[in-house]
Amino acid sequence: MVHKIENQYKEILNQYMQRQSEQNLYVGQNFSRQLISENISPEEVISVHKAAMQEIYKELPDVVWHSFDFLIEMMINYGLALQERQSLLQRQEEIRVEMDLAANVQETLLKTKLPALKGLDIGLLSIPARKMNGDYIYFISDEEGHAGIAVADVIGKGLPAALCMSMVKFGMDSLNNSPASPSEVLGVINRVVEKSIDDSMFVSMFYGRYDASTAALTYGSAGHEPAILYRSKTGEFDELYAKGLLLGVSPAAAYEEHTVQLEENDLVIMMTDGVTEGRTDEGFIEREVIFELIQQKKDEPAQTIVQHVYDELERMQNAELRDDFTLVIYKKV
Amino acid sequence: MNIQVELEETDNKLKGYIHGEIDAHTAPVLREKLEAYQNKDGVNAELDLSDVDYMDSTGLGVFVAFYKSVNAKGGHVKLTGLSSRLKRLFDITGLGDIMDIESVGKGGN
Amino acid sequence: MSNQSSVEILTEWDIVAARQLGRNVAKELGFGTVDQARITTAISELARNIYLYAGQGRIEIQQLTENGVKGILIIAADQGPGIPDVRRVMEDGFSTSGGLGAGLPGVKRLMDEFKIETIPGEGTDIRATKWLR
């Protein structure tokens, strides 16, 4: 094998030495590709070069041969760097496969059942910026027409955020009480998160409880991006602000809650900061832009509105998502 | 992708000046610099953010972690020069109520 | 059958002496230029580790013959602090990212066989062999 390469190399080199044409160089370049695919190290290439030169030009002075020996010595570490790179690439591939699996596990783990409520049309979309999602939507519902929704966002992205989110999910599971009030729910989850996570990791959460019999939405927020209420009658957008600290900062945090009455065709827009913190080359995407997008499709089903907002924001940002994107729209019908 | 952090400490008074953007890429730089001071007793820190033109939730995480450890050691953290955008971030998250922050163009708290 | 000689590593110049010893033995055994360069690079790395982390130690070079195949064995031994986390040190990217050179994974790649024994507080013994093919 090595012998074959030596002969081929000598042949190609000899051709070049005679004519120095671009054609010869092109042949050489193709040959180097073959050397790489056969894992021939840089120091071996120089050694092959030296041997070929010795056969073609026997009478060159010793200084030339010494210089090649020196060059071989110089190339040893380059050869090692190349091998290290190959082994790191392989490891990267292993990690990628593992992340894919983890993302699948997460998807199964965080699956939530969309409630079917009289008079409420729900649309939702949650897209991770990387493989694992640090955003989370959770529904709790019962037969009496109560439905709770939690929209949460872990500060941070990727694997650590996803692991932290699983903890929030188990907190919500243990609650399993659909008529519970938002301030109660946020208080419980705050203590779960406060006890178990690292100092620089926090979760923001919006919690809304909808009562189908009265069309009333009671909501609270733990440091989360305020939900937006669109009033169909007046065409106005209002922030649904409720005072409350991020989850996991202080065990003593208390959470306010407020109630709004939904009228026909009103929209409640719940989201994470991946929706509002979008940026284009010209700067931030202002909230008014998002309001306008919603208004364009306000007469369509909730899912159509959600998809439209996502498609347009993605287009404005050249298909580049900087943060996990989660948007939920309730439409009173 | 750019941030400048200048910290200067004399007699437990930490003066800081941060310039640039604080996001997932630059936050580790800031965290590392602040961590050098957060385990001292009774640090009185004042960080000037008037030249921070963008901060996301990762940056917020860094300040909260710093605030928590300094507070636990009997110290105090004050953030000054917050732009209206940054101020909103602290208000929404409820951190504006527990941390000492001062926005641009105002005298006191 | 083995034939041995060694160099004490105390100063940076001793690294050069260890290389010279290794190269002489490798040449004598019939290793080609490329393998000579690989063997001396491995010796360099091992001697440098002793010089930098243990302060002093010894590089020993042995000629081996096994089933008619000749080989060279490098032994790097010191009574230094030992390596607390060998797995970490043997990981790719650990020493190279800090600009410390090829590191132990590099030595392992340059040679055919590699064995490390290290006890924190007592020292490190590394044996690396290359066979003549």
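Modeller: Chain B and chain C do not touch. Their nearest C-alpha atoms are 18 Å apart. Contact here means that the C-beta atoms of two residues, placed from the backbone, lie within 7 Å. This is a predicted model, where local features need pLDDT of at least 70 and side-chain atom pairs count only at pLDDT 80 or more, while totals for chains, interfaces and linings use all residues. Residues are numbered from 1 along each chain as its sequence is written, with chains lettered from A and ligands numbered from 1 in the order in which they are written.

Two pairs of chains are in contact, and chains A and B share the most contacts. Now take chain C against chain A. That contact uses twelve residues from chain C and 13 residues from chain A. On the chain C side, helix 2 (33-54) and helix 4 (103-110) each supply at least two residues. Helix 2 of chain C gives the largest share, five residues. Helices (H or I, at least four residues) and strands (E, at least two) are DSSP runs, numbered from the N terminus.

The largest nonpolar core holds 90 residues. Such a core is a set of buried Ala, Val, Leu, Ile, Met, Phe, Trp, Tyr and Cys residues joined through C-beta atoms within 7 Å. Buried means 20 or more other C-beta atoms within 10 Å of a residue's own; exposed means 12 or fewer, and partly exposed lies in between, with C-beta atoms placed from the backbone. A:Val151, A:Val203, A:Met205, A:Ile269 and A:Ile329 touch the most other members. The largest share of this core, eight residues, comes from helix 2 (residues 57-72) of chain B. Apart from this core lies another, of 34 residues, among them C:Phe31, C:Ala37, C:Ile59 and C:Ile61. Back to A:Ile269. Leaving out residues up to four places away in sequence, A:Ile269 touches A:Ala227, A:Ile228, A:Tyr230, A:Ile294 and A:Ile329.

Phi of A:Asn265 is near 70°, a positive value in a residue other than glycine. With 15 other C-beta atoms within 10 Å, A:Asn265 is partly exposed. B:Asn12 is found in the loop between strand 1 (3-10) and strand 2 (13-22) of chain B. B:Asn12 has 13 C-beta neighbours inside 10 Å and counts as partly exposed.

Now chain A as a whole. Chain A has nine helices and twelve strands. The C-alpha trace of chain A spans about 100 × 45 × 35 Å along its principal axes. Buried residues make up 33% of chain A. Among contacts in chain A between residues at least 6 apart in sequence, 71% join residues at least 24 apart.

A:Ile5, A:Glu6, A:Tyr9, A:Lys10, A:Leu13 and A:Asn14 in helix 1 of chain A meet A:Val48, A:Ala51, A:Ala52, A:Glu55 and A:Ile56 in helix 3 of chain A.
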